[in-house]
Amino acid sequence: MSARLGEILIKEKLISPEQLQQATEYQKRHGGRLGAALVKLGFVTDEEITSVLSRQYGVPSINLKFYEVDPNVIKLVPQDKAVQYQIVPLSRVGSTLTIAMTDPTNVFAMDDIKFMTGFNVEPVVASESAISEAIQKFYSNSSSEEALDNVMKELAGEEADLELAAEEQEMDLASLERAAEEAPIIKLVNLILTDAVKRGASDIHIEPYEKEYRVRFRIDGVLQTVMTPPLRLKDAITSRIKIMARLDISEKRLPQDGRIMLKYSKDGRRKELDFRVSTVPTLFGEKIVLRLLDKENLRLDMTKLGFEPESLAKFERNILKPYGMVLVTGPTGSGKTNTLYSSIARLNQPDTNIMTAEDPVEFQLPGINQVQMKEQIGLNFAAALRAFLRQDPNIILVGEIRDFETAEIAVKAALTGHLVLSTLHTNDAPSTISRLMNMGIEPFLVATSVNLICAQRLVRRICTNCKEVLEVPEQALLDAGFSPEEAKTVKVMHGRGCGICNNTGYKGRVGLYEVMEITDELRELILVGASALELKKKAIEMGMITLRRSGLIKIKNGITTLEEVLRETVL
């Protein structure tokens, strides 16, 4: 464009060939664009250049000084691209994005912006100084001159950078450690961890993407974005967390698991925090998830978990039996571990030998022998169970029944005088029987070994501070499963949203429970190979409260909302 601009200006008799020569030499000495050099030397004004280019290429010109741009339009083009191409996005109408640029012949810039945004690009001409000022004004994070310098350096040393990028894959460990130990990074990571505790988060997600780096907390089962740190801090934050979790900071290609144990003061008292750390390599760096294991949030009192009184009576009756199997089922994050820990806390007596096989051990409970699984050395659930049977146990807890081998040993243990507690991933209590048979366990073994199955879900509690009555059409209540009599009288509550619940209307969670006790009638149905549907029908006849019914009871009692119950259960 430079040579072309000089020719156009000479042709328009705005500068002489001698002046063009001088400006070219000035440009070589000081860098920048030819137009800027001509303006600095006083040979032409910005307006004259803009006017000439507008006439020459049939592109409208614009005075950016009097133009205000919608921030949402600015976000369409990243700052580095705006500086690199000297452009400013102005407006979007339909699928067309209008951009102001100093060089309307720069097809590379237009193609790049079109590819990046997915919009057709319509150029208008503006002066260099006006574009620089506009970039500075609209992209206020850093000065355009600094960004321009960085881009120019990158372009000047493009080949050298390509080699550097290859070397960076084997980044110097010392510099990674130095970056991770810098005070601002330590403070930022500490802030993320302590903020998660204050907000009552169960998980922290730290996620790198191409153009953003975000931190999300899972609060009451729902992810919320809480922070977007600068992308340049990605490696330092990742390294800091890995150092805290004693992971290998040089290994970025494989998933890693670790643990962070912290002590911190809250309201004048010391508190122990335990974070389970998992890293996974993604396209743009390592995603880190930290599961917060806060002993204070572990409810070991079974009466406070959300069981209906009759369901709790059945559950307690069966975990107090000397042998047999009690299974807790539900998807990941439905509170199964909490229910099992509450059960063994209830059974934990000096005269009882309790052994657990867990992957991972989430909470350390005094008086209970907990074993951490290590698949890489062959210590899996089946191997641990075999060893437990030689350890004179009364009660065995198996973290999860995943395969036939584990299921077979667990069933045999339940039939030889041990109480076995475990979990499975099934949708409801009756379908657990079919799942065990599909694994290869004989129907007569399932019928004789299983005492009780408890399916569960977690739903959010309505915030007690902003709870109010919500008008719901009677038909919606009937569709949800309420009887006609209930639909006429039930008062559905919801949270309006306040400062205490972060304007969500919810604070805390409560369990929904479907407890199926295996009675003689159900055993007979299992022995003849009845389907999950037949088992469910029979269990309901015998008084089983289904997950949906448990949810409806909690709606009636003003504990949760209709939306939460419909989201987590089916009729």
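Which residues have the most contacts inside the largest nonpolar core? The points below take up this question and then turn to a helix, the salt bridges and the cysteines.

1. Basis of the note. The structure is a predicted model, in which local features need pLDDT of at least 70 and side-chain atom pairs count only at pLDDT 80 or more, while totals for chains, interfaces and linings use all residues. Residues are numbered from 1 along each chain as its sequence is written, and side-chain values use heavy atoms, with hydrogens and water left out.

2. The nonpolar cores. Met325 and Met516 have the most contacts inside the largest nonpolar core, which has 43 residues. Helix H17 (residues 404-415) gives the most to this core, namely six residues. A nonpolar core here is a set of buried Ala, Val, Leu, Ile, Met, Phe, Trp, Tyr and Cys residues joined through side-chain atoms within 4.5 Å. Buried means under 20% relative accessible area, exposed over 50%, and partly exposed in between (1.4 Å probe, protein chains only). Helices (H or I, at least four residues) and strands (E, at least two) are DSSP runs, numbered from the N terminus.

3. Surroundings of Met516. When neighbours within four places in sequence are left aside, Met516 is in contact (heavy atoms within 4.5 Å) with Ala429, Pro430, Ile433, Leu452, Ile453, Leu522, Ala539 and Met544.

4. Helix H13. This helix spans residues 234-244 and is mostly covered, with nine of its 11 residues buried. The buried residues include Lys234, Arg240 and Lys242, as well as Ile237, Ile241 and Met244. Arg246 follows H13 and has a positive phi, near 55°.

5. In one of them, the side chains of Glu405 and Arg386 meet at 2.5 Å, N to O. Glu405 lies in helix H17 and Arg386 in helix H16 (residues 381-388), so this pair ties together parts 19 residues apart in sequence. Glu405 is partly exposed at 34% relative accessibility, and Arg386 is partly exposed at 39%.

6. Asp428 and Lys536 form a salt bridge at 3.9 Å, N to O. Asp428 is in the loop between strand S14 (419-424) and helix H18 (430-439), and Lys536 is in helix H23 (residues 532-541), 108 residues apart. Asp428 is buried, at 17% relative accessibility. Glu486 and Arg549 form another salt bridge, with their closest N and O atoms 2.6 Å apart. Because Glu486 lies in helix H21 (residues 484-489) and Arg549 in helix H24 (residues 547-556), this pair ties together parts 63 residues apart in sequence. Glu486 is buried at 13% relative accessibility, whereas Arg549 is partly exposed at 27%. Elsewhere, salt bridges that share partners join Glu207, Arg214, Arg216 and Lys287 into one network.

7. Cysteines. The whole structure has zero disulfides, a disulfide being a pair of cysteine sulfur atoms within 2.5 Å. Cys463 is in no disulfide, and the nearest cysteine sulfur, that of Cys498, is 3.8 Å away. The sulfur of Cys501 is 3.7 Å from its closest cysteine sulfur, in Cys498, too far for a bond. Cys463 is buried, with a relative accessible area of 2%, and Cys501 is buried at 3%.

Terms used:
A salt bridge is a side-chain nitrogen of Lys or Arg within 4 Å of a carboxyl oxygen of Asp or Glu.
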